[in-house]
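This report goes through side-chain contacts and a few backbone features. The sequence and the model are shown below.

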Amino acid sequence: MRDKDGVNACMLIAEAACYYKKNFGKTLVDAIDMLYQQYGYYGDKVVSFVCPGKDGLEKMQSLMASLRDNPPAAIGGAKVVALRDYQKSTRVEGDKVETLTLPKSNVLYFELENDAWVCVRPSGTEPKIKLYVNAVSDASEKTQALLKEYADAAVEILNGRM
């Protein structure tokens, strides 16, 4: 069977373009700018933290255990407000502990203030830890600066625990 997702996506984009032009006199760029104004400029970044050498797997396991047992209070300039630990199936916010219902996985998700987050997981195929960073602000440049700040700080935290 041939994949028709691309054809469907093109049709939906054309339909959206017609809708915004007809109803608002706007282009798709105008429409996305309206969404940014209403909801903010979201951005994400992926960083790989390599654990080289014969003992790379052990380093990865040690780093994940260290983050799990002694989570950082802040990443960059942002306070960690909650921690989701998908291996323990818990979300901890202060003294409140909630049960997560997703399948168990060696993933830590640090919820930061201002709707930002950093997710950490070991790669299943390579000797590295993957860091997924998300931030939002009222301007694209601010969001990019926050992404860099949080990613750099997360890497620094990992380096400090090696």
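## Aromatic pairs, helices and salt bridges

At 43% relative accessibility, Tyr-19 counts as partly exposed, where buried means under 20% relative accessible area, exposed over 50%, and partly exposed in between (1.4 Å probe, protein chains only). This is a predicted model, in which local features need pLDDT of at least 70, side-chain atom pairs count only at pLDDT 80 or more, and totals for chains, interfaces and linings use all residues. Residues are numbered from 1 along each chain as its sequence is written, and side-chain values use heavy atoms, with hydrogens and water left out.

Tyr-19 and Tyr-20 form an edge-to-face aromatic pair, with 5.2 Å from centre to centre and 85 degrees between the planes. Rings of Phe, Tyr and Trp (its six-membered ring) pair if their centres lie within 6.5 Å; planes under 30 degrees apart count as stacked, over 60 as edge-to-face and the rest as tilted. One aromatic cluster is formed by Tyr-19, Tyr-20 and Phe-24. The whole structure holds five aromatic pairs. Among them is the stacked pair of Tyr-36 and Tyr-41, at 4.4 Å centre to centre and 15 degrees between the planes. Tyr-36 is partly exposed at 30% relative accessibility, whereas Tyr-41 is buried at 16%.

Helices (H or I, at least four residues) and strands (E, at least two) are DSSP runs, numbered from the N terminus. Helix 1 (residues 5-24) has 20 residues and should span 28 Å at 1.5 Å a residue; its end C-alpha atoms are 28 Å apart, which agrees. The expected span is 1.5 Å times one less than the number of residues. Just after helix 1, Gly-25 takes a positive phi of about 65 degrees.

Tyr-36 is found in helix 2. A nonpolar surface patch of about 590 Å² is made by Val-29, Ile-32, Leu-35, Tyr-36, Tyr-39 and Tyr-42. Helix 2 (residues 28-39) gives the most to this patch, with five residues. Patches are made of residues with over 30% relative accessible area and no salt bridge; like charges are joined within 9 Å, and nonpolar side chains (Val, Leu, Ile, Met, Phe, Trp, Tyr) within 5 Å. Accessible areas come from the Shrake-Rupley method with a 1.4 Å probe, and for residues only the protein chains shown count as cover.

Side chains of opposite charge can pair when their charged atoms come close. The whole structure has 10 salt bridges, each a side-chain nitrogen of Lys or Arg within 4 Å of a carboxyl oxygen of Asp or Glu. The table lists some of them.

| Salt bridge | N to O distance |
|---|---|
| Lys-59 and Asp-55 | 3.6 Å |
| Glu-126 and Lys-128 | 3.1 Å |
| Arg-68 and Asp-85 | 2.6 Å |

The last pair links distant parts of the chain: Arg-68 is in helix 3 (residues 56-69) and Asp-85 in strand 3 (residues 78-85), 17 residues apart. Arg-68 is buried at 11% relative accessibility, and Asp-85 is buried at 3%. Lys-59 is partly exposed at 26%, as is Asp-55 at 34%. Glu-126 is partly exposed at 42%, whereas Lys-128 is buried at 15%.

A network of salt bridges links Arg-84, Arg-91, Glu-93, Lys-96, Glu-98 and Glu-111. Arg-84 also lies over the face of Tyr-109, at 4.0 Å from the ring centre. A charge sits over a ring if NZ of Lys or CZ of Arg is within 6 Å of the ring centre and within 35 degrees of the ring normal.
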